[in-house]
Amino acid sequence: MDPSDEVTTQTCLDEWNDCEKEYMQLETDHELYKRKLEEMLTLQKKCLTGIASQRKRLKKIQGYCKLAKQQSLDNQQKAELKELDEKTKTHKTHFREMEESLPHKNGIYLSIILGQVNVSLLNKADKFAYKEDYEKFKVTVSYITLVLSAALFFINGSRWLDALHNFLLVWYYCTLTIRENILVVNGSRIKGWWVTHHFVSTVCAGIALIWPDGYSYQAFRTQHVVFSLYLSMLYVMQYFYQKGSLYRLRALGKGHEMDITVEGFMSWMWKGISFILPFLFAGYCFQLYNSYVLYHLALKSPHWQVFALSFLHGFLGMGNIATTLAVVKQKITEQVAGMYKSRLTNKYRFNSRTKNL
Ligand code: COA
């Protein structure tokens, strides 16, 4: 309405009536929403109880089958038991798929930090968006630590800048552990070691933060800065690998946009891994060398921080080597056994109408 128009009481009443109608509709919609929400929560509980009860029953049936197999059976009975075994496995896989759209309980770590707040993401589009955000967060902080480490390499003797760098790392790794635990609750297959690695890295950065200035600190400082620079570069490389993997998995999930096949994905993945592995192993050797240098410094240093860092660098280096080798072995085994296909295509299979990504 033009402000210059004459406003009468009738105009006010007309406006109010119009507004009231909209309000009534809003109230109806909200009531419907509350009812549906209640229904959804009831159904969620029903499904969760149903899955738990089914799991119990399947376990019981498997126990019976085991006992039955110990008796003398004819061929038909053997075939029946085998079929039952297959059916049980199929059901178990199906339960896992069902659970993807049901709320999950927080683990101990998240319960301590966040309490009982629900962090379950109930559809694959939201899971994809959260994972994408996690990777973006990692790379953004990695670029910052890259620049900061490069600056620290040239600016020597500024203890507060060193402290800022270490404090940033404490915050970064701590945040990573929380985000990773949320990803795990939502079905991510991150190996436990990488989460542990980020816990231990938080401790490492914390110890470096309180390491008193002195001979040992100054003797290791440049090496520490160069290692941090290298690590940031590794994280950036990992980002490009993980980002490539994430987008290809999404393309695989969208059946109608099949511009990539499972075989194409596997070939791309191996190319990516072969490129990144030499850099990773160079980093692990660097970390073991850090441990060695710190150990020798610890023998002459009065500060416990030097020995603690030597131990933690050695622990991380060895854990990284063992886990990365295990990851490569697992990938080869799964590929040979043909176990990838349905997992990869289903990972981010979601309706593009669910979320316009
Ligand atoms: N940190 C966080 N998440 C990781 C991870 C890591 N280092 N390595 C793998 N993941 C995640 C993957 O994104 C995937 O998540 P999803 O289930 O939510 O999709 C899940 O773990 C399973 O991944 P997986 O198939 O085992 O490996 P990948 O093909 O994604 O990556 C490597 C393989 C070797 C490239 C990767 O494990 C890696 O970069 N490792 C080295 C990490 C490292 O050494 N860090 C310390 C020094 S920088």
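The model is predicted, and it holds 2 cavities of 30 Å³ or more. The points below take up the cavities, a pocket and a helix pair.

**Largest cavity**

- Its lining is made up of 30 residues.
- Nearest the centre of this cavity lie Asn166, Leu169, His224, Phe227 and Ser228.
- At least two lining residues come from each of the helices α4 (124-154), α5 (159-185), α6 (192-210), α7 (215-253) and α9 (304-336).
- Helix α7 gives the most to this lining, with 10 residues.
- Divided by class, the lining has 17 nonpolar, 11 polar and 2 charged residues.

**Second largest cavity**

- Helices α4 and α7 each supply at least two residues of the lining.
- The largest share, 4 residues, comes from α7.

**Second largest pocket**

- The second largest pocket has a volume of about 160 Å³.
- Leu48, Pro103, His104, Lys105, Asn106, Gln116, Val117 and Asn118 form its lining.
- By class, these lining residues comprise 3 nonpolar, 4 polar and 1 charged.

**Packing of α1 with α2**

- Helix α1 (residues 9-69) packs with helix α2 (residues 75-99) at an angle of about 160°, and their axes are 11 Å apart.
- Because an angle over 145 degrees counts as roughly antiparallel, α1 is roughly antiparallel to α2.
- The crossing of α1 past α2 is left-handed.
- On the α1 side, the contact is made by Ile51, Gln54, Arg55, Leu58, Ile61, Gln62, Cys65, Ala68 and Lys69.
- On the α2 side, the contacting residues are Leu81, Leu84, Asp85, Thr88, His91, Lys92, Phe95, Arg96, Met98 and Glu99.
- The contact of α1 with α2 has 9 nonpolar, 4 polar and 6 charged residues.

Definitions and conventions. Residues are numbered from 1 along each chain as its sequence is written. This is a predicted model: local features need pLDDT of at least 70, side-chain atom pairs count only at pLDDT 80 or more; totals for chains, interfaces and linings use all residues. Side-chain values use heavy atoms; hydrogens and water are left out. On a 1 Å grid over the protein atoms alone, a cavity is a set of points where a 1.4 Å probe fits but cannot get out, and a pocket is an open set with protein on both sides within 12 Å along at least five of seven lines; lining residues have an atom within 4 Å of a point. Grid points are joined across faces, edges and corners, and a volume is the space filled by probe spheres set on the points. Ala, Val, Leu, Ile, Met, Phe, Trp, Tyr, Cys and Pro count as nonpolar, Asp, Glu, Lys and Arg as charged, and the others, Gly among them, as polar. Axes are lines fitted to C-alpha atoms, for helices over the stretch in contact, and angles run from 0 to 180 degrees between N-to-C directions. Angles under 35 degrees count as roughly parallel, over 145 as roughly antiparallel, 65 to 115 as roughly perpendicular and the rest as oblique. A crossing is left-handed if the near helix is turned anticlockwise from the far one by less than a right angle, and right-handed if clockwise. Contact means heavy atoms within 4.5 Å.
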